[in-house]
Amino acid sequence: MTGAWFAESLDNGVLEFGGNIRPDWQTDKMGAKTRRKVERWVEELLQNDALIGNLSVRLNPAKSDFEVEQDEDGDLTLTLWSGHLDTAVDSQSRITAIIRAVNNPVGSFEVATPFATRIWVADDQLAARVGSDYNTRGDKVNDTAAKFAYQDNADKRLARELLQNSPHLGVDNVEVLKNAVSASSSKLFAFNTLTQAMESFWHGDPVNKVEEEAQAKYLADFWNALVEVRPEFGRLGKTDRMALRGTSMAGTALSIHGAVAVAYEIYKRNLDPAEVLAPLGEPVYSEGQKVDYFSYENPIWTKIGALVDTSGKQQLRMSFQTRRAVAAELMRRVGLEEPAAVSA
């Protein structure tokens, strides 16, 4: 089926939206996640660079009149005399994106693009079963594995370049197959943590490959300077890494977000990371005692909500708010709390 066919069939009643198992399509009101997914497909379709995969539509034999004929070559032809196809089994989000791309005033989508489409001849009971299996069977690939395999924006590509270019990171020190690092692992963080930090706090917005490569080099240089001051952000043995967990903020997911925020602020101001990062290696004083800045004993982490007391044990609180709080605290520590002036 071509893109034009989907749009024309929706207009003339051969195709109808309906019966889909997803709540967003049952209420005809897209949630934020579905909207982002559809809009991303539309953008890719307008660039004629979308991977849509196999689509499915449903033909309800109880509400349609049709026949299937086979020619001498074994090819099948379906003739629909009455009734319509619908999206009861799957694919409504992707078909919606295709139709929006066809109707987009930019007009760049090649509407004759064909999409492999399966027609399910299924009553409501079978359609519900097929729709359920499509959406619940099998395990979704986790975000870390998916983002490491393919990066669809500059922030993710920069994250992968940093991982590959920095001698302190690499696939042997960053988890690239799972979303979390095992408590007994010597690895620093999961790749998904780095991509999230880049998307949240890096605003370099490279417009071409040259700018992207320059920013990737800067990030690798920044990480070198960071490890000089705080070795915890580099390679450690299993014993040393495990000793840090539960006692230090250094190397936690929150600190990775903070480090990226500091990296961008230094980049924006064209400063020397080695000079700016020095305060991260200096101790602080709590109740007259000298403690490491990243230590759980530093009361600043509790004050900003990054640590919470749970049954007498301090635990990290992971949230959008605490990521921003840790980023702000690290920038305060290194003297970057005041935003840099934007050049006219």
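Let me start with the sheet: four strands, open, in the order E1-E5-E2-E6, with mixed pairing. Bear in mind that this is a predicted model. At the edges are strand E1, residues 15–16, and strand E6, residues 117–121; each has a single partner strand, so one side of each has no neighbour in the sheet.

Next, the pairing of E2 and E6. Strand E2 covers residues 55–59, and its pairing with E6 is parallel, over five bridges. Within that pair, Val57 sits opposite Ile119 of E6.

What packs on the sheet? Helix H4, residues 92–103, does, and touches E1 and E2. The direction of H4 makes about 105 degrees with that of E2.

Now the cores. In soluble globular proteins, nonpolar side chains tend to be buried together. Here the largest nonpolar core has 54 residues. Which of them touch the most other members? Those are Trp202, Phe222, Trp223, Met249, Val262, Phe294 and Trp301.

The elements giving two or more residues to this core are helices H7 (154–165), H8 (191–201), H9 (209–229), H11 (253–269), H13 (300–303) and H14 (320–333). H11 supplies the largest share, nine residues.

Take Phe222 by itself. Leaving out residues up to four places away in sequence, Phe222 is in contact with Ala259, Val262, Ala263, Ile266, Pro273 and Leu277.

There is also another core, apart from the largest one. This other core has 22 residues, including Trp25, Leu45, Leu85 and Ala97.

That is the end of the talk.

Technical notes. Residues numbered from 1 in each chain as written. Predicted model: local features only at pLDDT ≥ 70, side-chain atom pairs only at ≥ 80, totals over all residues. Heavy atoms only, no water. Core = buried A, V, L, I, M, F, W, Y, C linked by side-chain atoms within 4.5 Å. Buried < 20%, exposed > 50% of the residue type's maximum accessible area, 1.4 Å probe, protein only. Contact = heavy atoms within 4.5 Å. Pairing = 2+ DSSP bridges. Axes fitted to C-alpha atoms, helices over the stretch in contact; angles between N-to-C directions.
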